[in-house]
Amino acid sequence: MASDIAIAQAAKLRPVADIAAELGLDEDEIELYGKYKAKVRLGALARRKPKGRLVLVTGINPTPAGEGKSTVTVGVTQALRKIGKQAVLCMREPSLGPVFGVKGGAAGGGYAQVVPMEDINLHFTGDFHAIASAHNLLSAMLDAHLHHGNALGLDTRRITWPRTIDMNDRALRNIIVGLGGLNAGPAREERFVIIPGSEIMAIMALA
């Protein structure tokens, strides 16, 4: 069988605006990101009564080839559409770090995947960048507070707020920041987590 990326690149994509219309969404209820990607505006929920059933795929042991939750979720959605149900798939954006690791992307696999696969696995609509910026702004504010007198009396040995980057970089898991003299702030231990592990991501997911 052809590779995942070969299958994805050979797929004939439909304009996302046509798919939105098929689902009953008006033009003003979607925000387009090019021809094949879009977001559904929150206002679309307010205009509709909740109706339907939710199938939640929470965990599965992947096969040696890597098929797991994403592939099963896409396959189930395809099967429901095949028998005439109006099924819609919802998956979280893949983390960029594992995409370049052994795990690979998170858009499904084989003929049970979401396209455009490369766009989804690589930055998608830019939400991860926005979350990382918000998270690291708080990290910078924390270090600025420590540098300018530490009025709250924070114990730098007990700070648990990390920085975040969407990359599997072992060298950044445990580091020392604040080196470079008086203008660099107090030296202390620091660590990075990938963006899905960010508290800002958790807040957004629960909002």
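Which backbone oxygen does the side chain of Gln 113 reach at 2.9 Å? That of Asp 4.

1. Basis. This is a predicted model, in which local features need pLDDT of at least 70, side-chain atom pairs count only at pLDDT 80 or more, and totals for chains, interfaces and linings use all residues. Residues are numbered from 1 along each chain as its sequence is written, and side-chain values use heavy atoms, leaving out hydrogens and water.

2. Confidence. pLDDT is the predictor's confidence in each residue, from 0 to 100. The protein chain averages 89, and 98% of the residues score at least 70. Helix H5 (residues 96–99) is lowest, at a mean of 76. Strand E5 (residues 163–164) is highest, at 96. Helices (H or I, at least four residues) and strands (E, at least two) are DSSP runs, numbered from the N terminus.

3. Gln 113. This residue sits in strand E4 (residues 112–113). Gln 113 is buried, with a relative accessible area of 10%. Buried means under 20%, exposed over 50%, and partly exposed in between (1.4 Å probe, protein chains only).

4. Partners of Gln 113. Contact means heavy atoms within 4.5 Å. Setting aside neighbours within four places in sequence, Gln 113 is in contact with Asp 4, Ile 7, Ala 8, Val 74, Ala 107 and Gly 108.

5. Ile 83. This residue lies in the loop between helix H4 (69–82) and H5. Ile 83 is exposed, at a relative accessible area of 61%.

Definitions and conventions
Polar contact = N/O pair within 3.5 Å; in protein donor to acceptor, adjacent residues only side chain to side chain.
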